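Work through the two exercises below with the coordinates open. Each task is followed by its solution in steps.

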Amino acid sequence: TFELKAADYEGCSRIVIAIPAAAKKTISSVYLKSSSNADITGEFKKVNTAENVITVEGANGYTAASYDVWEYKPASLDSTEVYTITIA
């Protein structure tokens, strides 16, 4: 579980979370702490599918690794927004 403050990322328009697929983890919950702890887990949409595998090449040409990727793309990110994100 970690906290993400929109104010720390001024000018950003979305949140992207990537987890190595081999970890077999997922975003289990996302709460918008700055909005009465509203549960917005469903707003984080998984980008990759079996047909759309996202791989990232390792540093210095190491073998690419597959990632599970989620994106949250609201109309805007207000600097007062604070998210509590749990990966399990």
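Predicted model: local features only at pLDDT ≥ 70, side-chain atom pairs only at ≥ 80, totals over all residues.

**Exercise 1.** Locate E71 in the secondary structure and describe its contacts.

Solution. 
1. E71 belongs to strand β7, which spans residues 65-72.
2. With neighbours within four places in sequence set aside, E71 contacts R14, I15, V16, E43, F44, K45 and V47.
3. As a check on chain distance, E57 is 14 residues from E71 along the chain, and their C-alpha atoms are 20 Å apart.

**Exercise 2.** Find the aromatic pairs in the whole structure and classify their geometry.

Solution. 
1. The search returns 2 aromatic pairs.
2. For F44 and Y72, the ring centres are 4.9 Å apart and the planes meet at 10°, so this pair is stacked. The criterion for stacked is planes under 30 degrees apart.
3. F44 sits in the loop between β4 (38-39) and β5 (45-46), and Y72 in strand β7, so the pair ties together parts 28 residues apart in sequence.
4. Both F44 and Y72 are buried.
5. For Y72 and Y83, the centres are 5.7 Å apart with planes at 70°, so the pair is edge-to-face. Here the criterion is planes over 60 degrees apart.
6. This pair links distant parts of the chain, with Y72 in strand β7 and Y83 in strand β8 (residues 82-87), 11 residues apart.
7. Y83 is buried, as is Y72.
8. Taken together, F44, Y72 and Y83 make up one aromatic cluster.

Definitions and conventions: Residues numbered from 1 in each chain as written. Heavy atoms only, no water. Helix = DSSP H or I, 4+ residues; strand = E, 2+ residues; numbered from the N terminus. Contact = heavy atoms within 4.5 Å. Phe/Tyr/Trp six-rings, centres within 6.5 Å; stacked < 30°, edge-to-face > 60°. Buried < 20%, exposed > 50% of the residue type's maximum accessible area, 1.4 Å probe, protein only.
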